[in-house]
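I set out to look up where selected residues sit in this chain and what surrounds them. The entries follow in the order in which I made them.

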Amino acid sequence: MEATAGSVASPSGDQPTSRFGVGSGQVIQEFGYDDDVDEELRAELEKAAGHELVDEYYDDVTDAAILWWREDDGDVQDLTDVMVDAQEMLEDGGLIWVFTPKSGRDGHVKPADFEEAASTAGLHATSAISAAQHWSGIRLTARGRGK
């Protein structure tokens with residue numbers, strides 16, 4: 001099946017998924033929610049999943065995780081800890097997206113900080129996008145094993 005604009009083929013190839021790689025019925029866990037998050041982006045993810053996002057205290061298996069992270073949320077070690085927490089309930093092959101304020105905006109976090117935290121957490125940044133008007137998104141996946 002060919003994906004439509006704003007979507008991509010699902011891993012199983014049967015339904016299109018959102019531009020964030022999530023689809024109907026998937027559970028998306030959210031970390032770092034605050035009153036500054038982009039509600040339209042959250043609504044897009046909820047529409048793709050077909051239900052509300054679950055919070056960071058959810059204790060069952062999840063398909064994806066999103067992390068809202070701002071400069072004043074902590075240092076690289078704090079970010080690493082949240083990335084590790086996000087992986088705890090994540091199904092093998094699940095995605096993690098980290099959203100941070102865009103460059104030049106209050107709360108922006110340098111890409112090098114994400115790379116360091118991801119590496120320490122056993123993750124690898126695979127892509128970056130303009131996720132919303134004021135937020136950038138960085139997609140993380142589990143780092144492959146060395147050969």
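**Entry 1: Pro101**

I began with Pro101, which is placed in strand S5; strands (E, at least two residues) and helices (H or I, at least four residues) are DSSP runs, numbered from the N terminus. Before going further I noted that this is a predicted model, in which local features need pLDDT of at least 70, side-chain atom pairs count only at pLDDT 80 or more, and totals for chains, interfaces and linings use all residues. Residues are numbered from 1 along each chain as its sequence is written, and side-chain values use heavy atoms, with hydrogens and water left out.

Is Pro101 buried or exposed? Pro101 counts as buried, because its relative accessibility is 5%; buried means under 20% relative accessible area, exposed over 50%, and partly exposed in between (1.4 Å probe, protein chains only). I then listed its contacts (heavy atoms within 4.5 Å). Setting aside residues up to four places away in sequence, Pro101 touches Trp69, Arg70, Asp106, Gly107, His108, His134 and Trp135. Ser136 is 35 residues from Pro101 in sequence, yet their C-alpha atoms are 6.1 Å apart in space.

**Entry 2: the chain as a whole**

I counted 3 helices and 7 strands in the chain. From the N terminus on, the order of elements is β-β-β-α-β-α-β-α-β-β. Of the 147 residues in the chain, 39% are buried. Among contacts with a separation of 6 or more, 67% join residues 24 or more positions apart. The chain exposes about 8,400 Å², with carbon and sulfur atoms supplying 46% of this area; accessible areas come from the Shrake-Rupley method with a 1.4 Å probe, and for residues only the protein chains shown count as cover.

**Entry 3: Asp63 and Thr62 in strand S4**

Asp63 lies in strand S4. At 26% relative accessibility, Asp63 is partly exposed. Beyond residues up to four places away in sequence, Asp63 touches Gly25, Gln26, Val27, Leu90, Glu91, Gly94 and Leu95. A polar atom of the Asp63 side chain is 2.7 Å from the backbone nitrogen of Val27. I take this as a polar contact (a pair of N or O atoms within 3.5 Å; within protein, one must be able to donate a hydrogen and the other to accept it, and residues adjacent in sequence count only if both atoms are side-chain atoms). The C-alpha atom of Met89, 26 residues away along the chain, is separated from that of Asp63 by 8.5 Å.

Thr62 is also in strand S4. Thr62 is buried, at 0% relative accessible area. Leaving aside its neighbours within four places in sequence, I found Thr62 in contact with Val27, Gln29, Met89, Leu90 and Glu91.

**Entry 4: helix H1**

Which residues of H1 (residues 39–49) are buried? I recorded Leu41, Arg42, Leu45, Ala48 and Ala49. They lie on the same side of H1, because they cover an arc of only 125° around the axis; the arc is that of the directions from the helix axis to the C-beta atoms. Glu40 and Lys47, on the other side of H1, are exposed. At the start of H1, a side-chain oxygen of Asp38 comes within 3.2 Å of the backbone nitrogen of Glu40. Just after H1, Gly50 has a positive phi of about 90°.

**Entry 5: helix H2**

In H2 (residues 76–88), Val76, Leu79, Thr80, Val82, Met83 and Ala86 are buried. Down the axis of H2 these residues fall within an arc of 160°, so they line one face of the helix. They pack against strands S3, S4, S5, S6 and S7 and helix H3. A side-chain oxygen of Asp75 reaches to within 3.1 Å of the backbone nitrogen of Gln77 at the start of H2.

**Entry 6: the nonpolar cores**

I next looked up the nonpolar cores (sets of buried Ala, Val, Leu, Ile, Met, Phe, Trp, Tyr and Cys residues joined through side-chain atoms within 4.5 Å). The largest has 20 residues, and those with the most contacts inside it are Leu67, Met83, Ile96, Val98, Phe114 and Leu140. S4, H2, S5, H3 and S7 each supply at least two residues of this core. H2 gives the most to this core, with 5 residues. Another core, of 18 residues, lies apart from it and includes Val22, Ala64, Trp68 and Ala132.
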